[in-house]
Amino acid sequence: MLEGRVALVTGAGSGIGASCARALAEAGANVLVLDVNEQAADTVAAAIGGRAVVVDLADLSSVDTAMAGLEPDIVVNNAGVQHLALLHEFPPEQFTRLLDVMLQAPFRIARAALPRMYAQGWGRFVHITSIRGTRGDQRKAAYVAAKHGVEGLSKTIALEGATYGVTSNCISPAWVDTPLTHELATRQAAIRGTTAEAVMRDVMLGGAAIKELIDADEIAALVTHLCSPSARHTTGTSIPIDGGWLAG
Ligand SMILES: NC(=O)c1ccc[n+]([C@@H]2O[C@H](COP(=O)([O-])OP(=O)(O)OC[C@H]3O[C@@H](n4cnc5c(N)ncnc54)[C@H](O)[C@@H]3O)[C@@H](O)[C@H]2O)c1
């Protein structure tokens with residue numbers, strides 16, 4: 001289905017990104033496995049017959065340099081990080097770092113990739129945002145701001161790219177079973193003076209109808225669909241995979 005297409009997946013060394021890289025490779029794409037963690041990028045790239053691209057997305061000039069040598073037809077903006085602090089105590093340097101990795105870098109990547117996509121009349125962007133891309137949360141000012149920003153960036157790409165065969169969509173998951181989720185449960189437990197299991201049950205899954213972490217492969221399956229010919233008119237959307245979280 002995606003034979004001959006080059007797919008760039010950021011944060012592809014772990015979790016959702018690794019699942020997306022695998023699914024896109026299975027669909028026939030040549031996958032660029034971008035991650036700051038060289039070993040993780042190499043491992044995933046070797047497993048799927050892709051190419052590792054080691055870049056720190058917090059270093060925006062490195063992003064520009066890397067993109068000058070890459071020609072993706074598909075971009076999956078997935079890399080993400082979290083910092084937990086109340087707003088009045090939020091370290092400005094952490095705010096900047098999260099915005100750079102999750103909003104500025106996707107802008108730089110899109111800016112570099114779009115002219116070639118326009119020239120060939122085909123391109124796909126999928127942004128892994130979050131239920132926090134449309135809803136606020138305490139202690140997550142930078143994450144919530146970045147994810148809201150990407151939702152807006154995606155809509156703009158969809159509008160400007162529409163006449164060039166370029167689509168852009170967001171997938172907004174609730175809690176997915178990845179290393180990030182387990183690490184956050186542990187960090188939240190320390191803040192709240194409870195256990196990681198209690199945070200997972202009461203906080204993370206408290207608002208979901210289906211009381212289970214989501215499988216990363218479920219996110220990857222939707223990414224692949226959004227890159228397929230049958231999703232040609234699906235653009236400018238944000239599709240939740242949230243176990244019924246937003247229905248409540
Ligand atoms: N896990 C969840 O429950 C969940 C829910 C909603 C949204 N998301 C979003 O999905 C995305 C992936 O999350 P995950 O749970 O798979 O995370 P993860 O921590 O398992 O993987 C993230 C990957 O991004 C890479 N990365 C981090 N900073 C980077 C940087 N500066 N430059 C390049 N690569 C970098 C890491 O090395 C890692 O391989 C994130 O954007 C996250 O916000 C996750």
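How many aromatic pairs does the count come to in this structure? Before the answer, some ground rules. This is a predicted model, in which local features need pLDDT of at least 70, side-chain atom pairs count only at pLDDT 80 or more, and totals for chains, interfaces and linings use all residues. Residues are numbered from 1 along each chain as its sequence is written, and side-chain values use heavy atoms, with hydrogens and water left out.

A pair of aromatic rings is described by the distance of the centres and the angle of the planes. Rings of Phe, Tyr and Trp (its six-membered ring) pair if their centres lie within 6.5 Å; planes under 30 degrees apart are stacked, over 60 edge-to-face, and the rest tilted. By this rule there are two aromatic pairs.

In one, Phe-90 and Phe-95 have ring centres 6.0 Å apart and planes at 85°, so this pair is edge-to-face. Phe-90 is buried at 9% relative accessibility, while Phe-95, at 31%, is partly exposed. Buried means under 20% relative accessible area, exposed over 50%, and partly exposed in between, with a 1.4 Å probe and protein chains only.

Tyr-118 and Tyr-164 form a stacked pair, 3.8 Å centre to centre with 15° between the planes. This pair links distant parts of the chain, 46 residues apart: Tyr-118 is in helix H4 (residues 92-120), and Tyr-164 is in the loop between helix H5 (141-161) and E6. Helices (H or I, at least four residues) and strands (E, at least two) are DSSP runs, numbered from the N terminus. Tyr-118 is partly exposed at 22%, and Tyr-164 is partly exposed at 36%.
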